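Student: Could you walk me through one part of this model up close?

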Amino acid sequence: PILQAILGGRFDRLSIAVVPWDLSAFNAAMEQTDIAVIPYDESISYSGRSPVRLIQAAWRGRLPISEDVEGYPEFARFGVLHRSIVDGIAWAIGNPDEAAGQLAALQRHVAETHRPQALARTWMHALSHAYAGFCEGRR
């Protein structure tokens with residue numbers, strides 16, 4: 001239904017390539033796109049869901065569009081989460097300057113919060129609290 005809506009004439013200057021989710025396909029697709037569509041299907045279990053694809057798209061300067069609003073609350077303020085992918089693409093195409101500004105803000109956020117040093121601090125904090133709780137429980 002998403003592709004039908006997109007290809008139904010609403011976006012006449014848009015070309016679409018659907019690639020399977022694997023690392024090599026993702027990397028190749030990122031080199032050839034301006035918008036990275038990150039679909040979400042609530043009927044599929046996403047245990048361990050993470051924002052990795054969204055972050056990788058932003059690092060590469062590609063605007064990620066996702067309809068998984070609940071799964072990525074950290075990114076809600078950057079205009080990349082929409083009720084539908086079609087709405088997200090329409091917004092990006094209709095507001096190119098705002099979309100570019102949101103991508104730039106997202107890239108700054110990712111650089112501050114998802115670079116290796118920041119992630120290491122987050123994990124060290126979480127693990128030290130878990131260890132302290134473990135030690136407290138053994139007393």
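Student: Let's zoom in on helix H2: is its crossing with H3 left-handed or right-handed?

Tutor: Right-handed, for H2 with H3; the term applies when the near helix is turned clockwise from the far one by less than a right angle, with anticlockwise being left-handed. A word on the ground rules: this is a predicted model, where local features need pLDDT of at least 70 and side-chain atom pairs count only at pLDDT 80 or more, while totals for chains, interfaces and linings use all residues. Residues are numbered from 1 along each chain as its sequence is written, and side-chain values use heavy atoms, leaving out hydrogens and water.

Helices here are DSSP runs of H or I with at least four residues, strands are E runs of at least two, and both are numbered from the N terminus. H2 covers residues 23-30, and its buried residues are Ala25, Phe26 and Met30. Buried means under 20% relative accessible area, with a 1.4 Å probe and protein chains only. Those three sit on the same side of H2, because they cover an arc of only 130 degrees around the axis, taken from the directions from the helix axis to the C-beta atoms.

What do they pack against? Strand E1 (35-38) and helix H3 (52-59). The H2 and H3 axes come within 11 Å and cross at roughly 35 degrees; axes are lines fitted to C-alpha atoms over the stretch in contact, with angles from 0 to 180 degrees between N-to-C directions. On the H2 side, Leu23, Phe26 and Met30 meet Arg53, Gln56 and Ala57 of H3, where contact means heavy atoms within 4.5 Å. That contact splits into four nonpolar residues, one polar and one charged; Ala, Val, Leu, Ile, Met, Phe, Trp, Tyr, Cys and Pro count as nonpolar, Asp, Glu, Lys and Arg as charged, and the others, including Gly, as polar.

Definitions and conventions:
Buried < 20%, exposed > 50% of the residue type's maximum accessible area, 1.4 Å probe, protein only.
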